[in-house]
Amino acid sequence: MASFEIYGGKPLKGELIPQGAKNEALQVLCAPLLTAEKVTISNIPDIIDVNKLINLLQAMGVKVEKVETGTFIFQAKDIDLDYLKSEDFKKRAASLRGSIMIVGPLLARFGQGFIPKPGGDKIGRRRLDTHFEGFTALGAKFNYDAGEHFYSVEAKKLKGAYIHLDEASVTGTANVVMAAVMAEGTTTIYNAACEPYLQQLCKMLNSMGANITGIGSNMLHIKGVKTLGGCFHRILPDMIEIGSFIGLAAMTKSEITIKDVSWENLGIIPNVFRRLGIKLERRGDDIYIPAQESYEIDTFIDGSILTIADAPWPGFTPDLLSIILVVATQAKGSCLIHQKMFESRLFFVDKLIDMGAQIILCDPHRATVIGLDRKHALRGISMTSPDIRAGVSLLIAALSAEGKSVIHNIEQIDRGYQNIEYRLNNIGADIRRIG
Ligand SMILES: CC(=O)N[C@H]1[C@@H](OP(=O)(O)OP(=O)(O)OC[C@H]2O[C@@H](n3ccc(=O)[nH]c3=O)[C@H](O)[C@@H]2O)O[C@H](CO)[C@@H](O)[C@@H]1O
Ligand SMILES: C=C(OP(=O)(O)O)C(=O)O
């Protein structure tokens, strides 16, 4: 288990280039399974989860060719369907969340799909009902081996259907869309998730020959086509990494420019940071954040304490709430953080409390932060990263803190942030990787 040793209290200054989006990559990397033709994808982030998915695809028989850094050609000509029942497959597929999205394309193209209980962050219950309800609505037969936690679906032929998803699941929508693109007739998916990740997936599928309309809304119409072909697709910059960098700049009093952020795909994110009092400017397609001595949390119009809560897109993504929480600890004023989707994502606040932050964990979903207004800095401590976003939040806290901090289990951070210590050290941070 590797760790970071962080010497905090140093303001950073310079430019950061966001990586390609992790959660988009995990979706669009599964789409080449829908065709025997070559699919080129660029801006693929070099992070643990994405590399695990690429290795899994290779083990399944997909030919993967590196064109240059971040750009790969995928060709799923000969897929080894027997491999999908092997122990090696179960082990690899269970090690990340994104692997679940191979099921939809496999079902669409080969009439069968398998997956063990997928991994990913332990941030609360993460059920898969939406995925399998969608597949069965298209005519698939579903089986769950509870002893082995192994899910399988089979169908001789998929038929378009009207599907009202039980919740706007991000990976669930992606999976059902990929299952439906070659089904006979028309599929309507209502209560579809519509994050930029999904918009990108649908646009990519259309350039492969699919016929999807309603992209960006919560109602997708998919006219089934006979086959799909190759395409070129570029992954958007990672909006969660961009939000993490905004929080980092504010917390460490740093002047940072985040380059080429694709503003039109950031939705409500910049405004949520602005409500914490953080100044940020749009400069072309960059975000400029000036060094700020202090920032004051807004209240609601009636003067009551601001609540920041997550919601499916176009609401505020749950993946940035941990960052918002850590940034609020040094703000002037108070706010309530309400993590509605996941019930175990706020427990990392005990580490921030140990560092000197003022936080009351009201219940597993809600925490009240009483900002310190920089009256004192956080203290460096030794801690363990419980999940990817809490890990980065602790890293931001440690960079702002006085003295040395140690974060263990940084594999969690490496799951989603490419070469983070190198990029932050380049603009003045002091982060050392140990072990
Ligand atoms: C690989 C990947 O892309 N992971 C992302 C994906 O996970 P994932 O696709 O697994 O998450 P889902 O969208 O399925 O749901 C996340 C959680 O929110 C709950 N839920 C969902 C929708 C809803 O309307 N109400 C509700 O309560 C679900 O029950 C579940 O507990 O989306 C999550 C929600 O944005 C993100 O945190 C993850 O980073
Ligand atoms: C929860 C996340 O990832 P995963 O779904 O891969 O666990 C995340 O990216 O914040």
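**Figure 1. The shell around ligand 2 draws on both domains.** In this predicted model, domain 1 (3-19 + 237-434) and domain 2 (22-234) each provide at least three residues of the shell around ligand 2; the domain bounds come from an automatic or database domain assignment. The surrounding residues are Lys 22, Asn 23, Asp 49, Arg 97, Gly 120, Asp 121, Ile 123, Asp 319, Ile 388, Arg 389 and Gly 416. A residue is near a molecule if its C-beta atom, placed from the backbone, lies within 6 Å of it. Helices here are DSSP runs of H or I with at least four residues, strands are runs of E with at least two, and both are numbered from the N terminus. Sorted by class, the shell around ligand 2 has six charged, three polar and two nonpolar residues. Asp, Glu, Lys and Arg count as charged, Ala, Val, Leu, Ile, Met, Phe, Trp, Tyr, Cys and Pro as nonpolar, and the others, Gly among them, as polar.

A word on reading these legends: residues are numbered from 1 along each chain as its sequence is written, while chains are lettered from A and ligands numbered from 1 in the order in which they are written. Since the model is predicted, local features need pLDDT of at least 70 and side-chain atom pairs count only at pLDDT 80 or more, whereas totals for chains, interfaces and linings use all residues.

**Figure 2. Ligand 1 lies between the two domains.** Domain 1 and domain 2 both give residues to the shell around ligand 1, so this ligand sits between them. The shell holds 20 residues, and the closest are Asn 23, Ser 169, Val 170, Thr 171 and Met 341. Helices to look for are α1 and α6, each of which supplies at least two residues of this shell. Helix α6 gives the most, with three residues. By class, the shell around ligand 1 has eight nonpolar, seven polar and five charged residues.

**Figure 3. Where domain 1 meets domain 2.** The protein is divided into domain 1 (3-19 + 237-434) and domain 2 (22-234), and their C-alpha centres lie 31 Å apart. Domain 1 brings 18 residues to the contact and domain 2 brings 15 residues. Two residues are in contact if their C-beta atoms, placed from the backbone, lie within 7 Å.

Figure 4. Met 178 belongs to helix α6 (residues 170-180). Why does Met 178 count as buried? Met 178 has 29 C-beta neighbours inside 10 Å. The cut-offs are simple: with C-beta atoms placed from the backbone, a residue is buried if 20 or more other C-beta atoms lie within 10 Å of its own, exposed if 12 or fewer, and partly exposed in between. Leaving out residues up to four places away in sequence, Met 178 touches Cys 30, Ala 31, Leu 34, Gly 104, Pro 105 and Ala 108.

**Figure 5. A four-strand open sheet.** The strands run in the order β4-β5-β3-β13, with mixed pairing; two strands pair if DSSP finds at least two bridges between them. At the edges are β4 (63-68) and β13 (231-234), each pairing on one side only. Strand β3 (residues 38-42) pairs with β13 in the parallel sense over four bridges. Look here for Ile 41, which stands opposite His 233 in β13.

**Figure 6. Cys 231 in strand β13.** You will find Cys 231 in strand β13. Cys 231 is buried because 20 other C-beta atoms lie within 10 Å. Beyond its neighbours within four places in sequence, Cys 231 is in contact with Val 39, Met 204, Ser 207 and Met 208. Asn 206 is 25 residues from Cys 231 in sequence, and the two are 9.3 Å apart in space, C-alpha to C-alpha.

**Figure 7. Arg 92 in helix α3.** Helix α3 (residues 87-93) contains Arg 92. With 19 other C-beta atoms within 10 Å, Arg 92 is partly exposed. Apart from residues up to four places away in sequence, Arg 92 touches Lys 52, Asn 55, Leu 56 and Ala 59. The C-alpha atoms of Arg 92 and Ala 59 are separated by 9.4 Å, and the two residues are 33 residues apart along the chain.
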